[in-house]
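Here's a quick briefing to read alongside the model. Have the structure open, and we'll walk through it topic by topic.

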Amino acid sequence: MKIQKHAADQMTPLERRRAVREGRDYDRVPCIPFMGEFKCRLTGTSVWDFWHDPQKMAEVEIAAFNRYGYDRIVIGPNTRGITEALGGRFIYPERGLPYADEPLLGDARGEDGMEASAGYELLDGMEAVDAGRHERIRTFRREAELLADEAKDIVPIEISIGGPFTIASNLRGVERLLRDLRKCPEKVQRLLRLITDSQKSCIDMAAEYGFGVAMADPVANPALIGPKMYERFVYPYTKELTDYALERTGERVSLHMCGRTCGIWEYLCRYELNELSLDNIIDLERAVRELGDLVPIAGNVDPVEIVMNGSREEIFEAVRYCIETGRKAKKGYVLASGCDIPDTTEPVRIDWLMEAARTYRK
């Protein structure tokens with residue numbers, strides 16, 4: 001399938017990005033609807049193939065881009081692929097989204113039902129993922145090869161590496177991990193080091209193909225761990241990764257954070273970011289006021305109430321508000337959904353979102 005610029009746009013996304021960065025005129029505000037497995041609906045591809053068949057993975061990305069003409073393609077391995085490469089498991093149902101199986105580092109239980117082992121002893125036999133050699137990551141490497149040949153001269157492409165804390169929660173289990181932050185913090189740090197080194201190998205892979213890097217770390221939400229735990233267990237590794245990504249790829253990281261992140265904004269502003277993508281529950285006016293001079297902002301149309309369930313008029317109004325508010329951010333603004341658009345959304349609604357973005361232009 002041949003990739004092509006959207007007929008309604010004057011520029012390709014790559015030309016638009018360059019114009020924005022160089023301070024030249026551009027045709028419209030960059031727009032990125034986060035769609036995930038929703039894209040499977042456009043081609044009838046199964047969720048299993050979307051995560052395991054490189055040819056179909058690339059075809060899905062091209063089909064979605066050709067229809068909507070948004071401003072960035074993001075591929076895996078993501079949180080899921082890196083978790084699996086480290087030994088974790090996900091279940092891929094025939095319908096619906098994949099979900100995590102029992103955690104790899106879950107506690108063993110004795111005959112009395114009490115926890116008999118902390119699970120971390122498995123770390124003794126684990127090594128960081130080598131993205132050049134590991135079979136699971138090679139699936140995404142092959143997809144990267146296909147898209148590099150076909151797409152990277154038209155649209156920016158990023159490899160998502162997930163977030164270290166969220167990957168840790170997949171391997172250990174969320175409740176256990178949150179408990180471990182206080183009971184055995186040194187073991188959590190050891191796990192996070194293994195994960196971060198694996199992510200750095202995936203950044204090396206992105207650099208090979210001239211791609212950027214995307215991250216999302218939803219379990220690192222301060223509503224779950226609080227600012228102090230964020231500073232101790234998330235910030236050092238994310239800072240290391242964003243610095244490393246800029247060094248290796250020449251591009252800053254696109255970071256999405258779920259939830260009410262106001263309590264950790266002081267840390268988010270210290271990362272090397274192409275943009276900070278905000279959840280739809282964040283007050284965009286406050287974000288522009290407090291963050292707009294420090295970091296580019298992306299956001300934050302509600303993916304459920306507006307994109308999935310709203311009328312065409314409601315989608316247009318939400319886009320108008322976000323553009324008029326976001327354009328005041330001195331470091332730059334990207335129109336985006338506040339999180340992933342549900343996979344059951346009618347495809348025409350993303351048409352309306354992109355139409356609105358083109359209607360309101362700059």
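How many bridges join strand β6 to strand β7, and which way do the two strands run? There are three, and the strands, residues 212-216 for β6 and 253-257 for β7, run parallel. Keep in mind that this is a predicted model.

**Helix α8 against helix α10**

- Helix α8 covers residues 174-183 and helix α10 covers residues 222-233; they pack at an angle of about 60 degrees, with axes 12 Å apart.
- With that angle, α8 counts as oblique to α10.
- The crossing of α8 past α10 is left-handed.
- On the α8 side, the contact is made by Leu178, Leu181 and Arg182. From α10 come Leu224, Ile225, Met229 and Phe233.
- Sort the residues of this α8-α10 contact by class and you get six nonpolar, one charged and no polar.

**Helix α7 against helix α9**

- Here helix α7 (residues 164-172) packs on helix α9 (residues 185-208) at about 120 degrees, and the axes are 9 Å apart.
- That angle makes α7 oblique to α9.
- This time the handedness is right: α7 passes α9 in a right-handed crossing.
- In α7, the residues involved are Pro164, Phe165, Ile167, Ala168, Leu171 and Arg172. They meet Leu191, Leu192, Ile195, Thr196 and Gln199 in α9.
- By class, the α7-α9 contact comes out at eight nonpolar, two polar and one charged.

**Aromatic pairs**

- The model's aromatic pairs come to a count of nine.
- One of them puts tryptophan 51 with phenylalanine 140, edge-to-face, at 6.1 Å centre to centre and with 75 degrees between the planes.
- That pair links distant parts of the chain: tryptophan 51 is in helix α3 (residues 47-52), phenylalanine 140 is in helix α6 (residues 135-150), and 89 residues separate them.

- As background, most peptide bonds are trans, and most residues other than glycine have a negative phi.
- Against that, the bond from glycine 76 to proline 77 is cis, with omega near 25 degrees. Proline 77 lies in the loop between β2 and α5 (78-85).
- What is the phi of asparagine 78? It is positive, about 65 degrees, although this residue is not a glycine. You'll find asparagine 78 in helix α5.
- Another cis peptide bond runs from glycine 299 to asparagine 300, with omega near -25 degrees.

Conventions
Residues are numbered from 1 along each chain as its sequence is written. This is a predicted model: local features need pLDDT of at least 70, side-chain atom pairs count only at pLDDT 80 or more; totals for chains, interfaces and linings use all residues. Side-chain values use heavy atoms; hydrogens and water are left out. Two strands pair if DSSP finds at least two bridges between them. Helices (H or I, at least four residues) and strands (E, at least two) are DSSP runs, numbered from the N terminus. Axes are lines fitted to C-alpha atoms, for helices over the stretch in contact, and angles run from 0 to 180 degrees between N-to-C directions. Angles under 35 degrees count as roughly parallel, over 145 as roughly antiparallel, 65 to 115 as roughly perpendicular and the rest as oblique. A crossing is left-handed if the near helix is turned anticlockwise from the far one by less than a right angle, and right-handed if clockwise. Contact means heavy atoms within 4.5 Å. Ala, Val, Leu, Ile, Met, Phe, Trp, Tyr, Cys and Pro count as nonpolar, Asp, Glu, Lys and Arg as charged, and the others, Gly among them, as polar. Rings of Phe, Tyr and Trp (its six-membered ring) pair if their centres lie within 6.5 Å; planes under 30 degrees apart count as stacked, over 60 as edge-to-face and the rest as tilted.
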